[in-house]
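Here are my notes on this one, point by point. Have the viewer open while you read.

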Amino acid sequence: MFRPARLAAMAVALLAGAAVALPAQNRPSATKVARPQRPVWPDEGPRTWAPRPTVSAITANDLRTRLYQFADDSMQGRRIGEKGNFKGTEYIAREFKRVGLKPAGDSGTYFQTLPFGPTQFDSSTSSLRVGGAAQTAKRDWIPTVPTAQNGFGSKAELNGVPAVFAGTWGDTAVMLDPAAFTGKVAVFLAAPGAGSSGGVRGPASFVSCADVPNKFGVTAILAADKVAASTPARPPAPAFAAAGARDTRARRAGAVAVLVIGLDDMTPTTINAAFEGRGGLRPTTTLNADAPAGATISRKTAEQLFGKPISEVTVGTIGQPITASWNHAWRPSAFAARNVIAVLPGSDPTLKEEYVLVGAHNDHVGINTTVIDHDSLRATNFVTRRQGNNDPTCIPTAEQQVKINALIAKARAARPARKDSIMNGADDDGSGSMVLLELAERFAKEKPARSVIFVSHQGEEGGLLGSRWFVDNPTVPIDKIVAAHNMDMVGKGRADQVKFGGPNSVQMLGARRLSPEFGDIIDSVNASSPEPMAIDKSWDVPANPLNRFCRSDQVNYVRKNIPVVYMSLGYGPDYHMQSDEPQYIDYDHAARLGRFVHDVMTAVANRKEKPAIGGADPSYPSCNR
């Protein structure tokens, strides 16, 4: 899964199990430089970058020095709760300390630890026995992950409990008699096509790219959404419950557990995922606490259970007793999930009690289970998925395939195929994180009137977890934060990749939602700047195209009535792809954006009055927060 040509000394040590830390910026790295290759893509920079000392100014080369390390393959995609992410937060904390910022995390540290971890079944302790015969997990059975949709409970502890056949899952025409099912295990046959207990259907076939509406840019998105909204609804579902629907008959009849015969129709991917965890904050309540737990079994296990083919079993037939144990429970992650927080105290005796905040998220999505050819992925996305994972996968038209093949041929003429599985997250949001460090180093040499707080948010990709945890458990008085600035994906913005992009473009959302005055300050700073930005506000509309405003950490600051602006250079073809790597970042553009954020923050920090709160604009989405 790793790409050997890019493995630096850090990565080699990581594979060997050594404890490795990113070097501080002023200590030169011994990273081996790979032999240069001819560039293939118009936005392509060098594959490697030798670290060099950073300076207090916000520069493109400083960002290169930082990001080529932070988004290296050795960081393994920086998924929350994993080693690469832990190393990344260590690096950010060391840089905060090196430039002289004060820690503002828990207990005098730079870290604020989230109660994060996976909720999952333990494969070593989960078991199912039919009569006295042990069943093999994944081959004969898998436990069912409880969801609000399927209504299953999380825990089963059964000891010799009789099983009773209950017919077909979702067939509400059949009533279950409590006299027959109370205290028993209800056994269902999966609904036709369901593939599992309340199950999982296979993926829909890919459509032709010719049938995919153009959604490149806000105007195109809104037009396509309008057409979709006017499309007639699908016909009603058949008599059997739809896949994933809740069937409450067993619970109402008093069953203590549910088995569904459907394992043979499930995909290997779904089966293998049964014991994988889904990360999240420690639950405060148990989902479906009083509901019977569920599992999916094979036909072979069902025949063993009833002693005959399932086609010969009728509702009410009693089978072998079931002994079972499984529990879908939360546990802490192997590596701590941490916000990284630092403060530059203000210079004004009164205003220093207030804070101007800037943040970016440090996590990404780890390693992809699908291994692809790097250049073939880019070729396909440049033609059919110009906004990366925002656009659906589709089958190229003949004309598009010709263009893709030509791009692949160009790549093959320059270099061999390169297998790729690591989601480096250079743009999302390595770019914002490294601009955050550049801002820290710049502000550390200055004396703004208000205090400046730097928050490297954890777990944005997992549901805005770090920003939510910070605003609900603030390490400074939350009502003293006068304005917040969130940077997410500030490494692209080329005119040929982003609608209304260009060398000084920035997409801006949210600045006036709570405080029109905050938006005015930003515009005023920009108007008097020696290097003004071309501010694209087309995304900042009540329609919320692509759910854009609700997808990053600014949402949680709005929830606490803090004026906040979300700045981005836009989605490109590498968004949430294995090709989101440091060599494709526009460092000059990112540095310019960093200098602009610095100037806006300085203006807010030095004003006598904080931005006035005008109240939430009810026409904009609340994001269900």
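1. Buried means under 20% relative accessible area, exposed means over 50%, and partly exposed is in between (1.4 Å probe, protein chains only). This is a predicted model, so local features need pLDDT of at least 70 and side-chain atom pairs count only at pLDDT 80 or more, while totals for chains, interfaces and linings use all residues. Residues are numbered from 1 along each chain as its sequence is written, and side-chain values use heavy atoms, with hydrogens and water left out.

2. The overall tally first. The chain has 15 helices and 24 strands; these are DSSP runs numbered from the N terminus, with helices being H or I of at least four residues and strands E of at least two. Of its 625 residues, 53% count as buried. Contact means heavy atoms within 4.5 Å, and of the contacts with a separation of 6 or more, 84% are between residues 24 or more positions apart.

3. Now the core itself. The largest nonpolar core has 57 residues, and those with the most contacts inside it are Phe96, Leu439, Phe454, Met487, Leu593 and Phe596. Helix 15 (residues 587–606) supplies the largest share of this core, 10 residues. There is also a second, separate core of 31 residues, with Leu259, Ile271, Phe275 and Ile297 among them.

4. Helix 9 (residues 374–384) is worth a look, being mostly covered: nine of its 11 residues are buried. The buried set is His374, Asp375, Ser376, Leu377, Arg378, Ala379, Asn381, Val383 and Thr384. The cover over them includes strand 17 (367–373), strand 18 (394–395), helix 10 (398–414) and strand 19 (419–422).

5. On the packing of helix 9 with helix 10: their axes come within 9 Å and cross at roughly 145 degrees. Axes are lines fitted to C-alpha atoms, for helices over the stretch in contact, and angles run from 0 to 180 degrees between N-to-C directions. From the helix 9 side, Asp375, Ser376, Ala379, Thr380, Phe382, Val383 and Thr384 meet Gln400, Lys403, Ile404, Leu407, Ile408, Ala411 and Arg412 of helix 10. Sorted by class, that contact has seven nonpolar, four polar and three charged residues. For the classes, Ala, Val, Leu, Ile, Met, Phe, Trp, Tyr, Cys and Pro count as nonpolar, Asp, Glu, Lys and Arg as charged, and the others, Gly among them, as polar.

6. How many disulfides does the structure hold? Two, where a disulfide is a pair of cysteine sulfur atoms within 2.5 Å. In one, Cys209 and Cys394 have their sulfur atoms 2.0 Å apart, and the link is right-handed, with 95 degrees about the S-S bond. Cys209 sits in the loop between strand 9 (207–208) and helix 5 (218–230) and Cys394 in strand 18, so this pair ties together parts 185 residues apart in sequence. Cys209 is buried at 9% relative accessibility, and Cys394 is buried at 10%.

7. A disulfide also joins Cys550 to Cys623, S to S 2.0 Å. The torsion about this S-S bond is about -75 degrees, so the disulfide is left-handed. Cys550 is in the loop between strand 23 (534–536) and helix 14 (554–559) and Cys623 in the segment after helix 15, 73 residues apart. Both count as buried: Cys550 at 12% relative accessibility and Cys623 at 13%. With the bonded cysteines numbered in sequence order, the pairing is 1-2, 3-4.

8. Is Arg513 buried or exposed? Buried, because its relative accessibility is 6%. Arg513 is found in the loop between strand 22 (505–509) and helix 13 (516–527). Not counting residues up to four places away in sequence, Arg513 touches Asp540, Phe549, Gly615, Ala616, Asp617, Tyr620 and Pro621.

9. Lastly, Ala133, in strand 5 (residues 133–134). Ala133 is partly exposed, with a relative accessible area of 26%. Beyond residues up to four places away in sequence, Ala133 touches Leu128 and Gln304.

Terms used:
Core = buried A, V, L, I, M, F, W, Y, C linked by side-chain atoms within 4.5 Å.
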